[in-house]
Amino acid sequence: MKLLWTGILMTGLTAGLGINAHAAVTKAPFGKLPDGKAVEIYTLKSATVEARVMTFGARIVSVRTPDRAGHVADVVLGYENIEGYLADKKTYFGAIVGRYGNRIAGGKFSLDGKSYQVPTNDHGNSLHGGTSGFDQKLWTAKEVSNGVEMTLVSPDEDMGFPGTLTTHVTYTLVGNALHIDYVSTSDKDTVLNLTNHSYFNLNGDGASDILSHSITIDSEHFTPVDATLITTGNMDTVAGTPMDFRQPHTMGERINSDFAQLKLGGGYDHNWILNGPNGVIKRAAFVLDATTGRTLTVTTTEPGVQFYTGNFLDGSFKGKNGISYGKRTGFCLETQHYPDSPNHPGFPSTELKPGQIAKSTTIFTFGVQK
Ligand code: BGC
């Protein structure tokens, strides 16, 4: 049933494009890490979209899409070269984050009666897998049809997490849809929450803010946070609050309202609980930049999405074309399990046991509204 639904959805996404959905894949060097190891970049090119993905952090480096007039521009934030990515340990531009995307309270959790402490790198909590998470690792890559499969073997006790964890992340471009498929196995009980941390700006320049982009999120509830951005365990209704995106609103319309959760996040930086079951592909969000007509549709099997409006971007890093990315010049839609799930038994489980295979899929579809 799950496979059938995916098939129908994919056909729907690529049908009517009147184009060959096949993507050409090429590979090139993308500099070296400080230890001399070579980084590679893969270019996936279909008739409408060109996406580049590199082996350092399995990161999306660029996504070039047309606007309504046919002008092609890059819609993700990032750097020209590997040095830029190495210097920036704060933003996670384009990266696969893991083992545990988003936060774990106090970096503490227990599994099978044993307590674990992982690095606390964000206001006393663990963020995005610790000080040297998956975004900082060199993945191995193998070309596949329409894309590239990245693999990372994270050793037992890597950043304090139990179990040797093998992860494959496959990026494939089908027409105008960039698919990300995640598959992981572990030889011990562990916890896992993988996502992609791309920052989008559909305007295509990264210089202007994203506040006039409109967004719809297919969700009735969100998980509120405390002052350190840790989920309290509650699931609050969006109704009657600036968190309600069941109908489209621009990102900026209510971002500065006097609403406690927005004050704590410095803007939107929360997990929305998606409609539809966990493990089944469904729409999470739809974004439109009315100026250029570019759209982004996010579909996923994950139960949640972190909508983050780049509140902590502060211009301190110079990105592509020499642009300093300022506050709210990019937005993220990080499909995920809920933050701090290991400490909330009522949330969908992030536990992975030996013999199990953790699988998830997220699709970023780039379109144009005339
Ligand atoms: C988090 C933000 C954090 C950012 C780091 C997001 O996923 O929710 O709080 O600052 O990642 O770049």
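1. First, a term: on a 1 Å grid over the protein atoms alone, a cavity is a set of points where a 1.4 Å probe fits but cannot get out, while a pocket is an open set with protein on both sides within 12 Å along at least five of seven lines; lining residues have an atom within 4 Å of a point. By that rule, N102, R103, T223, V225, L229, T231, D269, H270, N271, Q306 and P339 line the largest cavity.

2. Some ground rules. The model is predicted, so local features need pLDDT of at least 70 and side-chain atom pairs count only at pLDDT 80 or more, whereas totals for chains, interfaces and linings use all residues. Residues are numbered from 1 along each chain as its sequence is written, and side-chain values use heavy atoms, with hydrogens and water left out.

3. Back to the cavity. Strand β21 (residues 269–274) gives the most to its lining, with three residues; strands here are DSSP runs (E, at least two residues), numbered from the N terminus.

4. Now the ligand. It sits in the second largest pocket, meaning that more than half of its atoms lie within 2 Å of the grid points. That pocket has a volume of about 580 Å³. Of its 35 lining residues, K90, Y92, D122, L127 and F312 are the closest to its centre.

5. Who is around the ligand? Of the 14 residues there (a heavy atom within 4 Å), R103, H197, Y199, D269 and E334 come nearest. By class, the shell has five nonpolar, five polar and four charged residues, with Ala, Val, Leu, Ile, Met, Phe, Trp, Tyr, Cys and Pro taken as nonpolar, Asp, Glu, Lys and Arg as charged, and the others, Gly among them, as polar.

6. Polar contacts (N or O pairs within 3.5 Å) are worth a look. A ligand oxygen is 2.5 Å from a side-chain N or O atom of D269, and for H128 the corresponding distance is 3.0 Å. A ligand oxygen is also 3.2 Å from a polar backbone atom of K90. The protein covers 95% of the 310 Å² of accessible area that the ligand has on its own (Shrake-Rupley, 1.4 Å probe).

7. Two backbone spots to check. The G98 to R99 peptide bond is cis, with omega near -5 degrees; R99 is in the loop between β6 (96–97) and β7 (103–104). D112, a residue other than glycine, has a positive phi near 50 degrees, and its place is in the loop between β8 (108–111) and β9 (114–117).

Methods. A polar contact is a pair of N or O atoms within 3.5 Å; within protein, one must be able to donate a hydrogen and the other to accept it, and residues adjacent in sequence count only if both atoms are side-chain atoms. Helices (H or I, at least four residues) and strands (E, at least two) are DSSP runs, numbered from the N terminus. Grid points are joined across faces, edges and corners, and a volume is the space filled by probe spheres set on the points.
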